[in-house]
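Reader: I have a chain on screen and I want to learn how to read it. Where do I start?

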Amino acid sequence: MLLFGVGASANVTPRIQSEKDNWDVQSVTASPVAMASIGAVLINNAGTDDTADVQVSGNGDGTFMLKSDTPLNLSKYATGFIEFQLRTKSAVPEALSVSIDNEYPNRSSLPIASALAGTGDWETLTLPINCMKPFPGATAINLATVGTPFHLATKDAFSYEITNIKYLLTTSAKPVVDPVTCEAPGNGTDPGTDPGTDPGTDPDTGSGVNNASALVVTDTALYYSGDKSLAQDRSADYPAASFGGTLTDENQVITMDLPGNGAAFLGTDSANGDLSAYQDGAMLLDLKVSSYGDSPNIQIRMDGTAGPDFGTFFTMDSNIVPDDDTWYRCTLPVTSLIPAANTGSVQKALYLSGAWDAMAGLRFAFTNVALKTTIPTGFDSSQPCQKIN
């Protein structure tokens, strides 16, 4: 079923939605429409008005969507695919998601930023519909009654052209994630058998942080994009928070911008969890640094209720994780984050900041935070972080 493009037969209309205009929705036509968060116009590519030229300003969420006046029954595509063509006209944003939507919170989504090459050429993206899941706070879509069969959203500045949006029952194309595991494809030659006991010499990290390492029953998930049901889920005990900067929590990734002194952390002033089982183990952390700004490093620690534990932290600098906007998967010994005696009552399970009075311009993102009871075999303290391919 072709929704948008040359020969489209579905009864849907292209529209844009702008967060900074109170989530107002406007139709997209051959006459340009501009809103605070997004603008768009229909252009001729392979036909007449068959392509949308879209500009998201970076000022709030900007969404391009296809809206049906009457609900569509898409049940037969439950094991099928959404496919479309997109041409980037600017850098690929950090977070970009395709959804099937019935007005939030009834929305199933799939992050696709890591699947885009961003070369400026047309790229075909094929998404398994069964891998589209609700983000935290949302509910899964009912394919029997769909009002918005296509919904592409980002908060970051992003310009692109899009066309040939369709629903397919089958495909010969390689999807952006594996239709069975819903994990991004990786290229590790020695992935190992378990990230805790046998991580391998060349682990299959996939094309982005959405391919999080599998956890085991003795692990604790603190903020994790992978399957938390395989471990102890303590994310409710240690929610994301910050002070002194702007924290964005989107698509299971936390981004922190600091104009001055501040920090991002997982925890609350009233938290006091017993994490002593991990005092000889390791913290797993996926980290991306866009800029260290004026700070020589990022200081990573845990805080016991007897703290804050200012004196014990892991110093992350550009020799370990360069500020190149690239994701790195890190293994940090818990002993480098908090005194062992304080792990029995932990207030903040993770705390990231910069050098005090030197944080202007510090920008980083993190996800996939978990604790392991032992340090993985083969851990090299001189190379605690590995680039995610």
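Author: We will go from the whole chain to single residues. Keep in mind that this is a predicted model.

Reader: How many helices and strands does the chain have?

Author: The count is zero helices and 26 strands. Read the rest with that in mind.

Reader: How do I judge the overall form? What radius of gyration does the chain have?

Author: Compare the value with what a compact globule would give. For 389 residues that would be near 21 Å, and the chain has 22 Å, so the two agree. The C-alpha trace spans about 65 × 45 × 35 Å along its principal axes.

Reader: What share of the residues is buried?

Author: Buried residues are 49% of the 389 in the chain. The accessible surface is about 16,100 Å². Carbon and sulfur atoms account for 49% of that surface.

Reader: What about charge? How many positive and negative side chains are there?

Author: There are 20 positive and 43 negative side chains. Then look at where the two sets sit. Their centres lie 6 Å apart.

Reader: How do I read contacts along the sequence? What share joins residues at least 24 apart?

Author: Start from contacts between residues at least 6 apart in sequence. In this chain, 72% of them join residues at least 24 apart.

Reader: Now the interior. What is the general idea?

Author: In soluble globular proteins, nonpolar side chains tend to be buried together. Now the case here. The largest nonpolar core has 46 residues. Phe64, Phe84, Phe150 and Ile162 touch the most other members. Strand 13, residues 158–168, gives this core its largest share, five residues. Another core lies apart from it, with 39 residues, including Tyr328, Val346, Ala349 and Phe364.

Reader: Which residues does Phe84 contact beyond its sequence neighbours?

Author: Leave out residues within four places in sequence. Among the contacts of Phe84 are Val98, Ile112, Leu125 and Leu127. Phe150 and Ile162 are on the list too.

Reader: Let me try single residues. Is Ala221 buried or exposed?

Author: The cut-off for buried is under 20% relative accessible area. Ala221 has 0%, so it is buried. Ala221 sits in strand 14, residues 220–223. Its contacts beyond four places in sequence include Leu215, Lys228, Arg234, Val369 and Ala370.

Reader: Is Ser108 buried or exposed?

Author: Ser108 is at 3% relative accessibility, so it counts as buried. Its place is strand 10. Beyond four places in sequence, Ser108 contacts Val98, Ser99 and Ile100, among others. Met132, Lys133 and Pro134 also belong to that set, as do Ala140 and Ile141. Ser108 and Thr139 are 31 residues apart in sequence, and their C-alpha atoms are 7.2 Å apart.

Reader: And Gly267? Which residues does it touch?

Author: Gly267 lies in strand 19, residues 263–267. At 2% relative accessibility it counts as buried. Leaving out residues up to four places away, Gly267 touches Tyr238, Pro239, Ala241, Gln347 and Lys348. Pro322 is 55 residues from Gly267 in sequence, with 27 Å between the C-alpha atoms.

Reader: I want a contrast. Is Ala46 buried or exposed?

Author: Exposed means over 50%. Ala46 has 63% relative accessibility, so it counts as exposed. Ala46 is in the loop between strand 5 (38–43) and strand 6 (51–56). From Ala46 to Asp257 the C-alpha separation is 41 Å, across 211 residues of chain.

Reader: Last topic, the backbone. What is the general idea?

Author: Most residues other than glycine have a negative phi, and most peptide bonds are trans. Look for the exceptions.

Reader: Which residues are joined by a cis peptide bond?

Author: Tyr104 and Pro105 are, with omega about 20°. Pro105 is in the loop between strand 9 (97–101) and strand 10 (107–111).

Reader: What is the phi of Glu103?

Author: Phi of Glu103 is near 75°, which is positive, and the residue is not glycine. Glu103 is in the loop between strand 9 and strand 10. Glu103 is partly exposed, at 47% relative accessible area.

Reader: And where is Trp23?

Author: Trp23 is in the loop between strand 2 (12–18) and strand 3 (24–27). Its phi is positive, about 60°, though Trp23 is not a glycine. With a relative accessible area of 43%, Trp23 is partly exposed.

Terms used
Residues are numbered from 1 along each chain as its sequence is written. This is a predicted model: local features need pLDDT of at least 70, side-chain atom pairs count only at pLDDT 80 or more; totals for chains, interfaces and linings use all residues. Side-chain values use heavy atoms; hydrogens and water are left out. Helices (H or I, at least four residues) and strands (E, at least two) are DSSP runs, numbered from the N terminus. The radius of gyration is taken over C-alpha atoms; the globule rule is 2.2 Å times the number of residues to the power 0.38. Buried means under 20% relative accessible area, exposed over 50%, partly exposed in between (1.4 Å probe, protein chains only). Contact means heavy atoms within 4.5 Å. Accessible areas come from the Shrake-Rupley method with a 1.4 Å probe; for residues, only the protein chains shown count as cover. Lys and Arg count as positive and Asp and Glu as negative; His and the chain ends are not counted. The place of a charge is taken as NZ of Lys, CZ of Arg, CG of Asp or CD of Glu. A nonpolar core is a set of buried Ala, Val, Leu, Ile, Met, Phe, Trp, Tyr and Cys residues joined through side-chain atoms within 4.5 Å.
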